[in-house]
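Visitor: I would like to go through a structure with you. Could we begin with the ligand and then turn to the chain?

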Amino acid sequence: MRMVVKVAGALLEGPETVRSIARQVAQLAQEGHELLVVHGGGKLFTATLKRLGIESRFVAGLRVTDRPTRDVAVMVMGGLLNKRLAAAVSEAGVQAVGVCAGDAACFLAEPMVHDEVTGSLGFVGYLTGVNVEFLETLWRAGIVPVASCLGLGSDGELYNINADHMAAACAEYVHAERLIYLTDVAGVLDGKKVLKAISTEEVEDLIRQNKVSGGMVLKLEACKRALAGGVRQVRIVGGASPRGLLSAANGGKGPGTRVTPMNHAVAGAVQ
Ligand code: ADP
Ligand code: MG
């Protein structure tokens with residue numbers, strides 16, 4: 001089965017978690033699944049900007065990615081984190097290759113439009129194309145592609161892409177059957193309770209009621225997009241739980257929160 005697995009940047013900071021996720025990715029690949037792993041940047045990106053003395057400017061809560069900031073994004077996401085995760089999967093027994101933006105022109109991007117101005121957020125983009133043939137060559141050779149959340153623009157520049165949206169768009173481009181988000185919380189929470197399943201209609205209510213905020217809003221929007229784009233199963237799972245990815249990949253009730261295209265009572269019945 002073809003699956004896209006998005007790994008939160010925050011999960012790449014602890015070596016034990018990286019090893020655990022890498023082992024599960026390797027096991028799924030050994031079982032014959034075609035996996036595309038997409039990862040984000042987490043706190044390391046912000047921390048590295050700080051270390052290098054690069055100040056961030058925000059517009060409506062979004063970081064303006066000027067050239068120096070973009071360069072750090074490439075260093076951290078396309079460099080350290082990407083190599084760390086690809087190495088861990090390779091070490092777990094299945095060859096993995098880090099793929100970043102222009103490598104084999106694998107992930108293409110265009111600048112985001114913000115307040116009707118293209119590129120006003122700097123080098124922030126959205127995914128506009130995937131070299132699916134290249135990914136299929138890797139899968140046929142038994143290699144797991146590990147993608148950083150960066151894309152190559154038609155202007156030859158590299159663009160930073162929100163990793164949740166990139167994973168959803170990738171799932172659509174490669175016609176993945178499953179999209180699994182490994183994140184730093186156990187799923188979508190209503191207070192302390194993990195919601196087992198939510199429908200795309202319920203997502204709007206949760207946002208309106210301020211029950212979800214911040215990064216989770218973006219993630220749920222990305223889930224909706226993937227479902228609308230034909231991905232059959234979308235799930236948000238805590239990446240720190242030891243077998244979280246394996247049980248999510250095996251479908252069924254599984255851990256975390258399943259996001260469904262219709263009322264989940266109905267979705268549960270057809271599962
Ligand atoms: P990721 O790195 O996985 O993309 P994000 O930080 O973008 O993570 O989104 C996950 C975060 O969203 C959680 O760590 C949490 O702080 C926040 N969040 C806001 N509302 C909720 C909610 N209802 N359930 C779970 N997480 C939530
Ligand atoms: Mg996020």
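**Ligand and chain**

Guide: Helix 7 (residues 215-228) contributes the most to the shell around ligand 1, with three residues. Helices are DSSP runs of H or I with at least four residues, strands are E runs of at least two, and both are numbered from the N terminus. This is a predicted model, in which local features need pLDDT of at least 70 and side-chain atom pairs count only at pLDDT 80 or more, while totals for chains, interfaces and linings use all residues. Residues are numbered from 1 along each chain as its sequence is written, chains are lettered from A and ligands numbered from 1 in the order in which they are written, and side-chain values use heavy atoms, leaving out hydrogens and water.

Visitor: How many residues surround ligand 1?

Guide: Ligand 1 is surrounded by 15 residues, each with a heavy atom within 4 Å of it. Among the closest are Thr-183 and Lys-211.

Visitor: Which backbone atom is 2.8 Å from a nitrogen atom of ligand 1?

Guide: That is a polar backbone atom of Leu-189.

Visitor: And what about side chains?

Guide: An N or O atom in the side chain of Lys-6 is 2.9 Å from an oxygen atom of ligand 1. For the side chain of Asp-164, the corresponding distance to an oxygen atom of ligand 1 is 3.2 Å.

Visitor: On to the chain: how many helices and strands are there?

Guide: The protein chain has nine helices and 18 strands. Its C-alpha atoms fill a box of roughly 50 × 45 × 35 Å along the principal axes.

Technical notes: A polar contact is a pair of N or O atoms within 3.5 Å; within protein, one must be able to donate a hydrogen and the other to accept it, and residues adjacent in sequence count only if both atoms are side-chain atoms.
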